[in-house]
Amino acid sequence: MRKLFQGIVEVNKVVSEAEDVVSLYFGIRDFEYEPGHFMMVSFPEEAEDKKKRRAYFIATSPTESEKDGLVGITVRFVEGGYLSRKFFDSSVMREGTKLFVAGPFGREVFEKKNLRRVVFFAGGSGIVPIRSAMKYVCDRMPNTKVILFYTFKTPKEFIYEGDVKDMLRNPRFKGFITVERVDGNHWKGLKGKITKDLVLDNISGDEDMFYACGSTQFVREIEEIVLKFLGVDRNKFKAEAWG
């Protein structure tokens, strides 16, 4: 059974990932988790009020945490959001800030590790658990190939741009990164949403696992493409959605 951690931690690093997106890294000893897990977060003085806790996917891979002892979450600014607006206030959130965290909770991305090919679909901040999973594949699943479909609204919202581009240099990884709205000519990649044609032109449907993460609408659209048009068995499709 998974060991549950619950306690006060100190923020070791605050890293800007994209426009209105930051990652917070904590030092937690003996914290056992898997890609896809999340943790509950609040300020220590509000830890007993569960209504003021918020859930955040773990952005780091267990393989990274084993090396440096840090566990990270990634937070997008939400207008009117109770915690996120505080996280983006430099007078409140900085190195040394104390937070209450509890976890891990949720479902693992990989129920089996002997997968030949996996396909990830990320919409916006849905890339967070997928980043964890892709890093895990890099470090622990040497026989697994990955195809990533990742979409976001504007180029400034490319979360983990450096990390994603670096992972896609791995010959076992292939990615289709697309932006929905582009002003000017500085974006040289794919434009528009993840479409049925884009997916059907680049995967066969006989891959071992399909994992989608993003808004409810995004996941529904991907689910239709994967299950209806590719004819994939529902047991091979996993998703996390919100909103």
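This is a predicted model: local features need pLDDT of at least 70, side-chain atom pairs count only at pLDDT 80 or more; totals for chains, interfaces and linings use all residues.
**Stop 1: the antiparallel sheet**

Select strands β1 to β6. These six strands make an open sheet whose pairing is antiparallel, and the order across the sheet is β4-β3-β6-β1-β2-β5. Look next at the two edges: β4 (54–57) and β5 (70–76) each pair on one side only. Neighbouring strands in this sheet are turned against each other by 40° on average, direction ignored.

Now select residues 38–42 and residues 98–105. The former are strand β3 and the latter strand β6; the two run antiparallel and are joined by four bridges. Which residue of β6 stands opposite methionine 40? That residue is alanine 102.

Move to residues 21–27, which form strand β2, and keep β5 in view. Seven bridges join β2 to β5, and the two strands run antiparallel. To locate one of these pairings, select glycine 27, whose bridge partner in β5 is leucine 70. Although β5 is an edge strand, six of its seven residues are buried.

While looking at any strand, a general point may be kept in mind. In a regular strand, side chains alternate between the two faces of the sheet.

**Stop 2: the parallel sheet**

Select strands β7 to β12. Here six strands form an open sheet with parallel pairing, in the order β10-β9-β8-β7-β11-β12. The edges are β10 (190–191) and β12; each has a single partner strand, so one side of each is left without a neighbour in the sheet.

Select residues 117–123, which make up β7. Six of its seven residues are buried, so this strand is largely enclosed by the rest of the structure. On one pairing, seven bridges join β7 to β8 (residues 145–152), and the strands run parallel. Within β8, phenylalanine 149 is the bridge partner of phenylalanine 121, and threonine 151 stands opposite glycine 123. On another pairing, five bridges join β7 to β11 (residues 209–215), again in parallel. There, alanine 122 has cysteine 213 of β11 as its bridge partner.

**Stop 3**

Together with β7 and β8, α3 makes a right-handed β-α-β unit. Then select helix α6 (216–229). This helix lies across β7, β8, β11 and β12, and runs at about 155° to β11.

**Stop 3: salt bridges**

How many salt bridges does the structure hold? There are 18. Side chains of opposite charge can pair when their charged atoms come close.

Begin with glutamate 157 and arginine 76. Their side chains meet in a salt bridge, at 3.6 Å from N to O. Glutamate 157 lies in the loop between β8 and α4 (161–167) and arginine 76 in strand β5, so the pair ties together parts that are 81 residues apart in sequence. Glutamate 157 is buried, with a relative accessible area of 14%, whereas arginine 76 is partly exposed at 26%.

Next, select aspartate 208 and arginine 116. They form a salt bridge in which the closest N and O atoms are 3.1 Å apart. Aspartate 208 sits in the loop between α5 (196–200) and β11, and arginine 116 in the loop between β6 and β7, so that this pair links parts of the chain 92 residues apart. Both residues count as partly exposed: aspartate 208 has a relative accessibility of 24%, and arginine 116 has one of 47%.

Finally, return to glutamate 223, the residue of the opening question, and select arginine 234 with it. The side chains of these two residues meet in a salt bridge of 2.8 Å, N to O. Arginine 234 is in the loop between α6 and β12 (237–242), and glutamate 223 is in helix α6, eleven residues away in the chain.

How values were computed: Residues are numbered from 1 along each chain as its sequence is written. Side-chain values use heavy atoms; hydrogens and water are left out. Two strands pair if DSSP finds at least two bridges between them. Axes are lines fitted to C-alpha atoms, for helices over the stretch in contact, and angles run from 0 to 180 degrees between N-to-C directions. Buried means under 20% relative accessible area, exposed over 50%, partly exposed in between (1.4 Å probe, protein chains only). A crossover is right-handed if, with the strands pointing away from the viewer, the path from the first strand over the helix to the second runs clockwise. A salt bridge is a side-chain nitrogen of Lys or Arg within 4 Å of a carboxyl oxygen of Asp or Glu. Contact means heavy atoms within 4.5 Å.
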